[in-house]
Each structure stands twice: as structure tokens, then as C-alpha cells.
Amino acid sequence: MLRCHLLLLLIAIIYTVTLSGQEAFIQDVQGGHQVDADGIWLSHEHILVDFIGADSIQPHTWDHDAVIAEVTPYLEELKAYKVEYFVDATPAFLGRDVLLLEKLANKTGLKMISNTGLYGARNNKFLPKYVQNISAEDLAQKWIAEFEYGIDGTVIKPGFIKIGVDTADPLDILHQKLVKAAAITSLKTGLTIASHTGKAKGLWPQLKILQEMGVSPNSFIWVHAQAEEDNNNYLKAAEAGCWISLDGLGWDVEKHLGKLVYAKEHGILDHILISHDAGWYDPQKEQQNITPYTDIFTKLLPELRAKGFTEHEIKLLLSKNPAKAYAILGSN
């Protein structure tokens with residue numbers, strides 16, 4: 001028993017050093033800073049998404065003041081729940097706008113995290129044409145440059161890599177290229193890869209590519225994992241070492257509740273991330289219909305506590321897991 005306690009203490013010390021030392025940091029739109037393992041996270045949300053397509057999108061043509069007026073009340077609601085980190089998962093060519101995020105961060109006090117990468121899901125509608133002819137290595141150099149120098153001519157740097165694939169095995173050729181480029185970028189920068197994936201069928205070929213390229217599964221987030229119907233695949237994913245993101249809480253609390261109970265019962269809560277995938281402002285619509293970012297606090301947490309989740313387990317989901325998942329090892 002004593003040896004067990006000593007082992008747990010050693011693990012806790014290692015975890016604390018990793019997350020609070022100089023070499024672990026979070027990159028938000030206002031700069032890099034040491035990881036706060038106690039801060040509350042929303043690890044997959046959206047401020048603005050434009051679904052018009054890569055061939056038609058005109059970046060930054062939306063009115064910042066109009067967007068800010070529309071979404072700020074929803075962000076202000078988060079103060080009551082002490083939310084500190086807000087991960088904006090909108091990729092390039094779908095409405096990524098780091099200057100907008102910076103304005104919102106200044107206005108609300110939230111640490112807003114943006115991304116580099118490209119989104120291949122939905123049959124490549126949101127991929128620019130150059131992706132067809134560029135190599136994975138050259139594509140990665142574009143993403144690495146955003147991390148080293150800034151996004152879209154700004155000094156704002158990404159805090160993670162966002163890619164998207166259609167659920168398939170084998171993956172679409174272009175999607176294989178995205179995964180390889182993400183692997184190269186992650187190895188160079190330390191950035192975590194968050195991949196829009198859905199069902200587990202699309203997860204395994206991505207993990208295989210990452211393994212072949214020397215990227216640890218600890219640097220990979222399986223996004224929209226709630227779409228998977230066979231819960232046994234969560235056990236396999238946790239055993240492989242990747243993060244499992246149940247991020248549709250803006251839309252379906254009951255499904256997530258059942259999966260979280262399963263994760264607790266099978267001892268894999270330390271691999272789980274939760275968020276809403278909520279928002280967002282759509283420039284193609286005159287009338288906006290924003291989905292709030294609060295279901296976790298108003299609906300899910302009371303249900304979890306009623307089912308016996310401890311405050312430590314809730315803190316794992318809201319703070320420690322996302323802090324660990326998005327931590328960047330290296331010099332900021």
C-alpha cells in the first residue's frame with residue numbers, strides 16, 4: 001500500500017512539473033503563458049463559421065463589430081462559471097479570424113486559442129485548391145511558419161493544429177496528406193493535433209500514420225468521438241493513448257452523459273475532453289441563432305454529481321485533461 005501511495009505521489013509530482021514548468025505552455029491569441037492546470041476550459045467551440053466553401057470564402061469580410069455585439073453576451077455568461085480558456089476550433093477557409101478572437105479576448109478576459117491546419121471533411125469543400133498539388137512536407141512548412149511568425153500577417157500564433165477527415169478506412173488521399181502534414185508540424189512545434197473525425201473507423205488510420213511518423217498518440221485529439229456507437233472503441237483509443245473529445249454538448253446532453261458514465265466505470269476519464277461545439281456567427285445568415293456555451297454547467301454537471309462523480313473527476317474533465325492535452329512542450 002505504501003509503495004502504491006509513493007507511486008501516486010511521484011506521478012503527481014511529474015504531472016505538476018510538466019504543466020507548471022518553463023517548458024510547458026499554452027499559446028492563446030494574446031501570447032504564450034505557463035499552463036494553469038486549475039483553469040476551467042471549453043476545449044472545442046466556435047465564434048464564427050462560414051460554410052460557403054474554400055473557393056468562395058472572402059476572409060475577414062464580415063463586420064467585427066456586428067460579430068462582437070452578437071456573441072459577447074454568450075461569452076459573458078461564462079464568467080459565472082469561471083471559464084478561463086476558450087478553444088476556437090474554426091480552421092482556415094472556414095472563418096478562422098485571429099484578429100476577431102483577439103478583440104473578444106480583450107473584451108471578455110477569456111484566453112482564446114486559435115489553430116493552424118486545414119479541414120478536409122465534407123468531401124474537401126473547405127480545402128483550397130493548392131492542397132491537391134503540394135506535398136505534405138511543404139504543407140507542413142506553411143503551418144510551421146504560422147507557429148513561428150504568426151497567422152495572416154499578424155503576430156498571433158496558433159495553439160494547436162486543426163484538421164478534418166471524412167470517416168473512412170483507408171482515408172481519402174488528401175486527408176492522408178493532412179494527417180502527415182499535421183504530424184510533421186506537431187513534431188516541429190509541439191502543437192497538439194485535433195482532428196474532426198467522428199466514428200472510430202476514421203480514427204485508426206490516422207493513429208497508424210502518426211505512429212509511422214513518430215508522433216505520440218498523446219498529441220492527438222479524436223474530435224466528435226461522441227458519434228461512435230460502440231463504446232468499446234473508447235477503451236481501445238484510451239489504451240492507444242489519444243484524447244477522446246465528447247464535444248457535442250451544445251446539442252445532446254443525454255448521449256454524452258451515458259458515455260461519461262461508461263468512461264468513469266471503465267477508468268478512462270483521464271483521457272476524456274468535453275465541450276459544446278457551440279456558437280456560432282454565420283456570415284451567410286441575416287438572422288443569427290447562437291447556441292449557448294453553458295450546457296456543461298447548467299445541465300451536465302448536476303447530472304454527473306447525481307450519478308456519483310466526484311469533484312476530482314469533474315476537475316479532470318474541465319481543467320486537468322484539457323490543460324494537459326493542449327500544453328505545448330518547448331520554449332515560448
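The UniProt annotation "binding site", from an unreviewed entry, covers Lys 162, His 196 and His 224. UniProt positions follow the numbering used here, feature names are shortened, and annotations may be inferred rather than shown by experiment. The three span 63 residues in sequence, yet no two of their C-alpha atoms are more than 12.7 Å apart, so they gather at one spot. Lys 162, His 196 and His 224 also belong to the lining of the second largest pocket. On a 1 Å grid over the protein atoms alone, a pocket is an open set of points with protein on both sides within 12 Å along at least five of seven lines; lining residues have an atom within 4 Å of a point.

This is a predicted model: local features need pLDDT of at least 70, side-chain atom pairs count only at pLDDT 80 or more, and totals for chains, interfaces and linings use all residues. Residues are numbered from 1 along each chain as its sequence is written, and side-chain values use heavy atoms, with hydrogens and water left out.

Start with His 196. It lies in strand β8, residues 193–196. Strands (E, at least two residues) and helices (H or I, at least four) are DSSP runs, numbered from the N terminus. Beyond four places in sequence, His 196 is in contact with residues including Lys 162, Val 223 and His 224. Contact means heavy atoms within 4.5 Å. The side chain of His 196 also makes a polar contact with that of Tyr 119, at 3.2 Å. A polar contact is a pair of N or O atoms within 3.5 Å; within protein, one must be able to donate a hydrogen and the other to accept it, and residues adjacent in sequence count only if both atoms are side-chain atoms.

Move to His 224. This residue sits in the loop between β9 (220–223) and α7 (232–240). His 224 is buried, because its relative accessible area is 12%; buried means under 20%, exposed over 50%, partly exposed in between (1.4 Å probe, protein chains only). A polar contact of 3.2 Å joins its side chain to that of His 196. Among the other residues that His 224 touches are His 44, Asp 247 and Asp 277.

Now for confidence. The protein averages a pLDDT of 93, and 92% of the residues score at least 70. pLDDT is the predictor's confidence in each residue, from 0 to 100.

Conventions. On a 1 Å grid over the protein atoms alone, a cavity is a set of points where a 1.4 Å probe fits but cannot get out, and a pocket is an open set with protein on both sides within 12 Å along at least five of seven lines; lining residues have an atom within 4 Å of a point.
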